[in-house]
Amino acid sequence: MKRLGLIIALIIVALGAWFDWTYHAVRTDVTELGASLPSVDDLSKGTPEENAEKLKRAVEDCRRVDRLKASFVARYVRGLEIKQLAEQCELIRAQAQAGEGP
């Protein structure tokens with residue numbers, strides 16, 4: 001019986017550690033993405049070469065937003081912020097597709 005209690009306690013501690021690590025990782029990712037994602041206006045300023053590079057980086061960052069959107073813990077912890085980043089990514093992807101042409 002003692003051994004079963006120890007196993008259950010270890011599982012609870014492991015789950016708590018995983019949730020804590022995930023919470024901090026999500027918080028860091030959301031903060032970094034919020035600071036690094038350019039607005040649509042920022043993507044249209046500058047030379048075409050600079051804009052293409054900014055757009056490429058923004059699309060890569062949007063993939064990170066998609067991964068956050070797929071995570072239950074991330075949505076639970078920072079759902080509104082992730083939703084705002086996802087909306088911004090939709091605009092960025094639309095601009096990327098418009099730049100590629102038909």
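Helices (H or I, at least four residues) and strands (E, at least two) are taken as DSSP runs, numbered from the N terminus. The model is predicted, so local features need pLDDT of at least 70, side-chain atom pairs count only at pLDDT 80 or more, and totals for chains, interfaces and linings use all residues. Residues are numbered from 1 along each chain as its sequence is written, and side-chain values use heavy atoms, with hydrogens and water left out.

Confidence was examined by chain and by element. pLDDT is the predictor's confidence in each residue, from 0 to 100. The protein chain averages a pLDDT of 88. A score of at least 70 is reached by 96% of the residues. Among the elements of the protein chain, helix α1 (residues 2-36) has the highest mean pLDDT, 93. The lowest mean, 78, belongs to helix α2 (residues 40-44). Where pLDDT is low, the predicted coordinates should not be read in detail.

Helix α3 (residues 48-70) was considered next. It has 23 residues and reaches 33 Å from its first C-alpha to its last. This is close to the 33 Å expected at 1.5 Å a residue, the expected span being 1.5 Å times one less than the number of residues. Burial was assigned from relative accessible area: buried means under 20%, exposed over 50%, and partly exposed in between (1.4 Å probe, protein chains only). In α3, the buried residues are N51, L55, A58, D61, C62, V65 and L68.

Two of these positions were followed through their contacts, defined as heavy atoms within 4.5 Å. Neighbours within four places in sequence are left aside. A58 lies in helix α3 and counts as buried because its relative accessibility is 1%. A58 is in contact with L37, P38 and I92. The C-alpha atoms of A58 and M1 are separated by 54 Å, the two residues being 57 apart along the chain. N51 is also found in helix α3. N51 counts as buried because its relative accessibility is 14%. Its contacts are D42, L43, S44, K45 and G46.

The side chains of K45 and D42 meet in a salt bridge (3.9 Å, N to O). A salt bridge is a side-chain nitrogen of Lys or Arg within 4 Å of a carboxyl oxygen of Asp or Glu. K45 counts as exposed, at 51% relative accessibility. D42 counts as partly exposed, at 33%.

The structure holds six salt bridges. One of them joins R64 and D29, with the closest N and O atoms 3.3 Å apart. R64 is partly exposed, with a relative accessible area of 24%. D29 is partly exposed as well, at 27% relative accessibility.

R64 also forms a salt bridge with D61, the closest N and O atoms being 3.9 Å apart. R64 and D61 are separated by about one helical turn because they are three residues apart in helix α3. D61 is buried, with a relative accessible area of 15%. Salt bridges that share partners join D29, E32, D61 and R64 into one network.
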